[in-house]
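Trainee: I would like a close look at a single part of this model, with its surroundings described in order.

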Amino acid sequence: MNLTLKVWRQKNAQTSGKFVSYKAENISPDMSFLEMLDVVNESLTHKGDEPINFDHDCREGICGMCSLYINGHPHGPKRGITTCQLHMRTFHDGETITIEPWRAEAFPIVKDLAVDRSAFDRIQQAGGYVSVNTGGVPDGNAIPIPKVIADEAFNSATCIGCGACVAACKNASAMLFVSAKITQLGLLPQGQPERYRRVQSMVAQMDEEGFGSCTNTGACEAECPKEIKLTNIARMNNDYFSAKLFREDEVHEQGH
Amino acid sequence: MSEFKQTLNSSLGKKLIMALTGLFLCTFLIVHVGGNLLLFNNDNGFSFNVYANFLTHFPPIEVIAYLLYLSILVHALYGLILTVKNRKARPVRYAVAAKSDASWSSKNMGLLGSIMFLFIVIHMGDFWFRYHNDKTMGFKEYRTDLATGETKVSDYTPANAEFSHSVSTENNVEVVRVKDLHARVAYSFSNLIYVIFYVIAMGAVAFHLLHGFQSAFRTLGWVHRKYTPVVYFIGTWLFAVIIPLAFAAMPVYYYYLSTQGAH
């Protein structure tokens, strides 16, 4: 396959970037999208050019490191996969592919296609944990949990924190990510003690990072590589308003 | 900052205000369309004029009316604030437009809302403002023979400029004198441009509520396997189809009557 790539090149967050066109030649349809970029980078390096910088790690769709906004879709046009799981047979010979970084105020560009997603880490640190007391190891089956609840919680827990929801949202809202993290713990018994403090702290941190708000368009749900559902956002809203309007739990003034 | 202020200023709090004012405006639409169906009564505007008089002279309704105007302003203002904030969250836009699965109306709520706001300003200027302030607006006198139920209509010129309405009975004939808003409606809806604008505005209402009604429930966190389909059904059929169609039928019907020379 021979392809034309329009790639966003940007030296760092301070400088402005622009699109540069590259030819990707002799690409095997069985390559993954990232392997195709490896081939292009190899040829750029041979020519003495700066290779295209992009994020990647496990290359098997579980680490949440790869990104790329490909032809108007985060993680490319196929549903339920990450960029590293996207194969070149999805595209046709001679096609022009536009590759952009995630665009959000809260995700500043590090270089080219790589963005800084540490805003997600700070939201997670604000309350996305459960406290476990020291002592004997509790029996794994000691706490009965209905299967439907466990399934829901595990579905939410599949979020890999890649940021595709932010990239897909017209408001660059992080609510699908934040709500998945809140729901995963809020549904299970172990997450109850911190439930109403957690939702307040995490939403406060999300607002501080400068993400937009939710219009319930459902674009995040459609683009999520782990198919996290929009119902998570409604659950988060429910917990948040319940915490703010009807509970007496307060958020720590000094933060974490 | 007090706790309530902090809650309402958060991203979720602002959406809560949008959802609550939006749903309140939805309930108003039901009342408004129900009352205005009286326009289809072929009685020279008797029932419609009496209804208009009731709305403007019954104190509890006046209180709710001002709550309603406030809701419209707050809903529009917060829509604007949220749009500005959401735009700021993505300062650099994508070169390739997003192709994600999302309904057209959900992505254009601001545009649809702006059309509706323009419509409300013109609509209230034409009917509400005139009804309250236009001294030249005429009156009608309806004489109903209580024995036969027959109603005769004639123009009425009040002797006193402060006159608003009267109901009296003389010799088994009920005499009702009210401001003739119905004539203004018939006059406005004989203008084709005006009718087209009304129909477009009702299209905007339909698409705005197709997304807005169910979205408000999601914002409030009221999503449930059993009830969410019901919310979708009501949002689609009642708020996005039946109500806008009923509203749009009014200017179209009156325009049709005007071309028939009936008014």
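Across which strands of chain B does helix 3 (residues 46-57) lie, and at what angle does helix 3 run to strand 4 of chain B?

Mentor: The model is a predicted one. Helix 3 of chain B lies across strand 1 (139-145), strand 2 and strand 4 of chain B, and runs at about 65° to strand 4.

The sheet under discussion has four strands of chain B, which form an open sheet in the order 2-1-4-3 with antiparallel pairing. Because strand 2 (151-156) and strand 3 (166-170) of chain B stand at the edges, each has a single partner strand, and one side of each is left without a neighbour in the sheet. From one strand to the next the twist averages 20°. Strand 3 of chain B pairs with strand 4 (residues 173-179) of chain B in the antiparallel sense, over five bridges. Within that stretch, B:V167 stands opposite B:V176 of strand 4 of chain B.

Chain B is divided into domain 1, made of 3-136 and 181-259, and domain 2, which covers 138-179. The centres of domain 1 and domain 2 of chain B, taken over C-alpha atoms, are separated by 34 Å. In the contact between them, 11 residues of domain 1 of chain B meet 10 residues of domain 2 of chain B. On the domain 1 side, the elements that give two or more residues are helix 3 and helix 7 (181-188) of chain B. Helix 3 of chain B gives the most to that side, with four residues. The domain 1 side divides into five nonpolar, four polar and two charged residues.

Elsewhere in chain B, there is a helix pair to consider. The axes of helix 6 (residues 109-133) and helix 8 (residues 192-220) of chain B come within 9 Å and cross at roughly 135°. That angle is why helix 6 of chain B counts as oblique to helix 8 of chain B. The crossing of helix 6 of chain B past helix 8 of chain B is left-handed. Helix 6 of chain B makes the contact through B:M109, B:L112, B:G113, B:I115, B:M116 and B:F119, while helix 8 of chain B uses B:A201, B:A204, B:V205, B:F207, B:H208, B:H211 and B:G212. The residues of this contact comprise nine nonpolar, four polar and no charged.

Helix 8 also has a part in the contact between the chains. That contact takes 34 residues from chain B and 37 residues from chain A. On the chain B side, two or more residues come from each of helix 2 (11-36), helix 4 (59-88), helix 5 (104-107) and helix 8 of chain B. Helix 2 of chain B gives the most to this side, with five residues. The chain B side divides into 15 nonpolar, nine polar and 10 charged residues.

Strand 1 (residues 3-9) of chain A pairs with strand 5 (residues 96-100) of chain A in the parallel sense, over four bridges. There, A:T4 stands opposite A:T96 of strand 5 of chain A.

Key. Residues numbered from 1 in each chain as written. Chains lettered and ligands numbered in written order. Predicted model: local features only at pLDDT ≥ 70, side-chain atom pairs only at ≥ 80, totals over all residues. Axes fitted to C-alpha atoms, helices over the stretch in contact; angles between N-to-C directions. Parallel < 35°, antiparallel > 145°, perpendicular 65-115°, else oblique. Left-handed = near helix turned anticlockwise from the far one by under 90°. Contact = placed C-beta atoms within 7 Å. Nonpolar A, V, L, I, M, F, W, Y, C, P; charged D, E, K, R; others polar. Pairing = 2+ DSSP bridges. Domains from an automatic or database assignment.
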